[in-house]
Amino acid sequence: MSEFSVDQGGGRHYILRRIFRSLLPRDHIEVLEIGAYVGQSAALWSALIVEHCPAGGRVLCVDSWHPYHPPEDIAAGGIYVRMEAALRDGSAFEEFKRHAAEADPKAPIHYLRGTLEEVLPEIVRGGPFFDLVYIDGSHYYVEVRKDLLMAQHLVQVGGLLCGDDLEEQLSSTNAQWCRENGNRDYLNNCHPGVTLAVGEVLGPVWSDNGVWGVQKRIKGFGRLEAL
C-alpha cells in the first residue's frame, strides 16, 4: 500500500458516490476536479464513470502541486509537514500520475498544472461545460472564493458544483471569527476560509460530513434535495 493511500474518510468517498449517482442516468459524464493532490478522488470519479456511463467520460484535474501552506499552519506539524514535504519533493505529483496512468481509457484522468485562474483560458477553449465540478484545493478564504467564482461558470445546467471541508455553514457560525481566521487552514474543528467563501458565494448548501453540493439551474444554483 502506498504511503499516500490513506482512507480519506471512507465515509466521505461514500458521499461522493452518492453525489455522482444523483447525476444518473447519463451516458457520458465530464468531471473537473480543482485540487487533486495524490489523485485518490480523481481515481474514484474515473471508476464511477466507467461503472455507470456507457459512453464513458473523463476527469480533468487542476492543481499546481506546489507547497502553499503558511508558516502558521506548518508550525502545527503533522499533516501539514507531510503535505508540504510531498509537494516540495514531487512525490505527491508522482503519486497522482500513477493514479492517472492506471485509469481506464474509458474515463481517462487528464491534468493541467497551475491554479484554476492560471489555466482557465485553456479550459474554456475546450468547452466550459462539466457535469460535475469538485473543489478540494486550498482551504484559504481568498483562494476558495476565487475558485468558487470561476468554477460556477464551468458547470452545465443540471450539473453539480460540490466540494469538501465544509464542517460549519456560515449561517450557523461566527462570521466575524471566520473573517479573522480565513487565512488559516483548520481551527476549532472547521475550515474557516471554506465556511466563509461558500457562505458568501452560494449561501446555505446541502452538506454531509464536510462534503457540500449545489445543482446548476437555468438561473443560479439550487440546493441538492435528492440526497
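**Stop one: helix H4**

Start on the side of H4 turned away from its buried face: the exposed residues there are Arg82 and Arg88. Exposed means over 50% relative accessible area, buried under 20%, and partly exposed in between, with a 1.4 Å probe and protein chains only. This is a predicted model: local features need pLDDT of at least 70, side-chain atom pairs count only at pLDDT 80 or more, and totals for chains, interfaces and linings use all residues. Residues are numbered from 1 along each chain as its sequence is written, and side-chain values use heavy atoms, without hydrogens or water.

Now select residues 79-88, which form H4. Helices (H or I, at least four residues) and strands (E, at least two) are DSSP runs, numbered from the N terminus. The buried residues are Tyr80, Met83, Glu84, Ala86 and Leu87. The buried residues pack against H3 (71-74) and H5 (91-102). Step on to Gly90, which follows H4: its phi is positive, near 85 degrees.

**Stop two: Leu170**

Select Leu170, in the loop between strand E5 (155-163) and helix H8 (175-180). Leu170 is buried, at 17% relative accessible area. Leaving aside neighbours within four places in sequence, Leu170 contacts (heavy atoms within 4.5 Å) Ala175, Thr195, Leu196, Gly199 and Glu200.

**Stop three: Pro192**

Finish by picking the C-alpha atoms of Leu170 and Pro192: 22 residues apart along the chain, they are separated by 8.9 Å.
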